[in-house]
Amino acid sequence: MTGVKTAKDIVEFIKKEDVKIVDLRFMDFPGIWQHISYSASVFDEGVFEKGLGFDGSSIRGWQAINESDMLMKPVPESAFVDPFFVEKTLVIICNICDPVTGEDYGRDPRNIARKAEKHLKRLGVGDVACFGPEAEFFIFDDVRFDQNEHEGRYQIDSIEGRWNSGRDEKPNLGYKPRYKEAYFPVPPSDSLQDIRSEMMLTLINIGVPVELHHHEVATGGQSEIGIRFQPLVTMGDNVLKYKYVLKNVAKKHNKTVTFMPKPLFGDNGSGMHVHFSIWKKGVNLFAGEGYAGLSEPGLHAIGGILKHAPALLAITSPTTNSYKRLVPGFEAPVNLAYSRRNRSAAIRIPMYSSSPKEKRIEFRCPDPSCNPYLALSAILMAALDGIQNKTDPGDPLDKDIYDLPPEELARVPTTPGSLRESLNALKADHEFLLKGDVFTPNVIETWISYKMKNEVQALDLRPHPWEFALYYDI
């Protein structure tokens, strides 16, 4: 939908293209896209100003039942024609407002991202923050899971899974990528080329700029599709479109996509390495003459992210499963240090190009289970805190982490070992998020309490299957 920028453009498009349904979408607090569909006849220009009502008490982490009414206000420039519905449907992303005060709702993740962008401009540090998250995922053929009072189980399957190398498939052709060796052999070992191409082209057709796709390291269908960098709020929108398209293209082929960070034992998990830079008047502020071609602001941004990383991870790696991926001694970036090439460091400075326009930092700890609006906003706020306070990032870690002697390795701080630890770190360190009223105390308190009650404590209460292997015969 090129050229669509105003409410008038949307109304004209609906009439000209004979749109039947308008599907309004917004993000809940933990990070799932929600929607409601209206007849296209309802839409006039006034809807964009007045908004449409819904029950906010039914959305996770939002309103109490005695103050449930909320408003959705469609954002015209976010519109795209849905590629999956039978009837012609126009999707529009919404901002959420309070119907009494008319103000933007403080717990709407997209509103938090909008405030982060405004805060950047208000500080005068820059005028745009560009993000390029690399959200990895698995394409499986079957998934089954259940948990009740007397049993708990899960089972995942993939035609590509190395565990199926001995299965009778009538015939089994044998092209199963080895564990940790699926980056990136050609077909027939990579059996997902066509489905990833369809995903990529569908994203491009709805306006999401995509550069590439490829198989990832793990067996069993791990993949990645690279979205071109965009400003913060736009990228938040695009990550949601990305997840939506990938899941629905997979479903069309009777497959299933998951962004769960660690669905397989014994092979790589899925990260969301976030490439990030700040620009002012068309100039990349992170490019300079310092280490790895970075400027002082770029190095200070790294200092801010590393300083606040334990708290950041409560938002950027926000599930209990995230910490099955972030385990010392394996492939995950658990070392709170920076390097120009060392992929075991939390922050890497890509060295693919010497162009100042391409200079950026890559925060490697986040994973795709995060709410993108909140995660990208939190990363920006930590970087801005580092720039404002000229936070020294320390010395780079350019050595092979696996070859470090124990006494030297002990001096390298690491990421928290669990979601509980990250949430406690966020409780102790969140003042940097409150600047500019971007995150509010209420948002932080609600996030911590929601995650503790519904995820950390809920998992604490349930026996794990491996505990039976360890302890049943005690």
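Visitor: Why is Asp23 called buried?

Guide: Asp23 has a relative accessible area of 0%. Buried means under 20%, exposed means over 50%, and partly exposed is in between (1.4 Å probe, protein chains only), so Asp23 counts as buried. A word on where this comes from: the model is predicted, with local features needing pLDDT of at least 70 and side-chain atom pairs pLDDT 80 or more, while totals for chains, interfaces and linings use all residues. Residues are numbered from 1 along each chain as its sequence is written, and side-chain values use heavy atoms, leaving out hydrogens and water.

Visitor: What makes the meeting of Asp23 and Arg25 a salt bridge?

Guide: Their side chains come to 2.7 Å, N to O. A salt bridge needs a side-chain nitrogen of Lys or Arg within 4 Å of a carboxyl oxygen of Asp or Glu, so this pair qualifies. Side chains of opposite charge can pair when their charged atoms come close. Arg25 is buried too, at a relative accessible area of 2%. The structure holds 22 salt bridges.

Visitor: How do you know that Lys243 has no salt bridge?

Guide: The nearest side chain of opposite charge, Asp367, is 7.5 Å away. For charge, Lys and Arg count as positive and Asp and Glu as negative, with His and the chain ends not counted. Since 7.5 Å is not within 4 Å, Lys243 is left without a salt bridge, although it is buried. Lys243 belongs to helix 5 (residues 232-252); helices (H or I, at least four residues) and strands (E, at least two) are DSSP runs, numbered from the N terminus.

Visitor: What does the side chain of Lys243 reach?

Guide: It reaches the backbone oxygen of Pro368 at 2.6 Å. A polar contact is a pair of N or O atoms within 3.5 Å; within protein, one must be able to donate a hydrogen and the other to accept it, and residues adjacent in sequence count only if both atoms are side-chain atoms. Therefore 2.6 Å falls inside the limit. Pro368 is also among the contacts of Lys243 (heavy atoms within 4.5 Å), along with Phe259, Ser369 and Cys370, leaving aside neighbours within four places in sequence.

Visitor: Why does the pair of Asp460 and Arg420 tie together separate parts?

Guide: The closest N and O atoms of this salt bridge are 2.2 Å apart. Asp460 lies in helix 12 and Arg420 in helix 10 (residues 419-428), so the pair links parts that are 40 residues apart in sequence. Arg420 is partly exposed, at 34%. Salt bridges with shared partners also join Asp157, Arg167, Glu169 and Lys176 into one network.

Visitor: What makes phi of Asp18 stand out?

Guide: Phi of Asp18 is near 55°, a positive value in a residue other than glycine. Asp18 sits in the loop between helix 1 (7-16) and strand 1 (21-27). Asp437, also not a glycine, has a positive phi of about 60°.
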